[in-house]
Amino acid sequence: MAETTARIIDGTAIAAGITEAVRGATGTLKAAGVTPGLAVVLVGADPASEVYVRNKGKTAASLGFHSVQINRPATIGEAELLALVDELNRDPAIHGILVQMPLPQHIDAAKVIEAIRPEKDVDGFHPINVGRLATGSRGNALVPCTPAGSMILVRHALGPDIAGLRAVVIGRSNIVGKPVAQLLLQENCTVTIAHSRTRDLAAVVREADIVVAAVGRPRLVRGDWVKPGATVIDVGMNRIPAPEKGEGQTRLVGDVAFDEAAAVAGWITPVPKGVGPMTIAMLMANTVTAASRIAGLPEASF
Ligand code: NAD
């Protein structure tokens, strides 16, 4: 195994710090008579989604939020789901609405996302929030949780001034790749978005001072792709067979070959305990931000 030279970015500890800041801001809001309310809607019974939704609800409740989980069968009609979203849009006790993806095939996910009031869109996927982020109007946007959390990890490693650094984002999804690229651009990085059609991905990644891997391919990024001293943010969460743990067992790995990359990088996030814990923490932060804005109260920054 290669020797680790990179410093590890401890997502669990950094996320705990954010969660404590959210707890403080929740206390301030409650003292002003506002209890942040988060509604998480789960359609169907996908086991991974069930775990995510349960964890989100548990964290929200532990922070003293008004936390609601709404389960609907996979057979729910689109109109019925849209009506539920509308009800939550109008519910004054709810400041954040999250409809867990993926939705069943017969439901148009874009339609559901667009039905959420942008001010309550704590996932930051509504076109209004996407547009505000793209136009640099962050003051009134809600920013997607995983990208926002990834940027906090970058700042933890490199400090607030990353202007002029070359950043390569691998992956162009609406959930991670595109918004994280927008955030890096806003910080004045020189940003390249690589994807499945990129030619000579290794050469592109070798240029990067900051690499964000959001692909969903176990250990795609090899150690010899990483520029010495680079900061590597591994968003990937891939389950691979782990026969060493016993028959049928699996383990979680990222999109980066961690041991190899850690021998070259300056900073690196592990998987698990890197980006993963940041996502829930930022969802809580977004809910408090949404509650503050809706109530016309000052916003905390996270
Ligand atoms: P996605 O499938 O929507 O997008 C993957 C992107 O990777 C696509 O844009 C595609 O062009 C690109 N890609 C695919 N194969 C490639 C290749 N061989 N070379 C270069 N690019 C390639 O996935 P997503 O929703 O953006 O998620 C990406 C990964 O991040 C997944 O592993 C997912 O589980 C993980 N994820 C983690 C969190 C978290 O909280 N840590 C949150 C969201 C997603």
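**View 1. Helix 6 and helix 10 lie roughly perpendicular to each other.** In this predicted model, helix 6 (residues 145-158) packs against helix 10 (residues 276-295) at an angle of about 110°, with the axes 8 Å apart; because angles from 65 to 115 degrees count as roughly perpendicular, the pair falls in that class. The axes are lines fitted to C-alpha atoms over the stretch in contact, with angles running from 0 to 180 degrees between N-to-C directions, and the helices are DSSP runs (H or I) of at least four residues, numbered from the N terminus. The contact, meaning heavy atoms within 4.5 Å, includes Ile-152 and Leu-153 of helix 6 as well as Met-282 and Leu-283 of helix 10.

**View 2. Thr-146 is a residue of helix 6.** Thr-146 has 14% relative accessibility and therefore counts as buried, that is, under 20% relative accessible area with a 1.4 Å probe and protein chains only. The side chains of Thr-146 and Thr-279 are joined by a polar contact of 2.9 Å, a term for N or O atoms within 3.5 Å, where within protein one atom must be able to donate a hydrogen and the other to accept it.

**View 3. The ligand is surrounded by 21 residues.** Each has a heavy atom within 4 Å of the ligand, and among the closest are Ser-173 and Thr-279. A polar side-chain atom of Ser-173 lies 2.5 Å from an oxygen atom of the ligand, while a polar backbone atom of Val-235 is 3.5 Å from an oxygen atom of the ligand.

Residues are numbered from 1 along each chain as its sequence is written, and side-chain values use heavy atoms, leaving out hydrogens and water. Local features need pLDDT of at least 70 and side-chain atom pairs count only at pLDDT 80 or more, whereas totals for chains, interfaces and linings use all residues.

Key. Helices (H or I, at least four residues) and strands (E, at least two) are DSSP runs, numbered from the N terminus. Angles under 35 degrees count as roughly parallel, over 145 as roughly antiparallel, 65 to 115 as roughly perpendicular and the rest as oblique. Buried means under 20% relative accessible area, exposed over 50%, partly exposed in between (1.4 Å probe, protein chains only).
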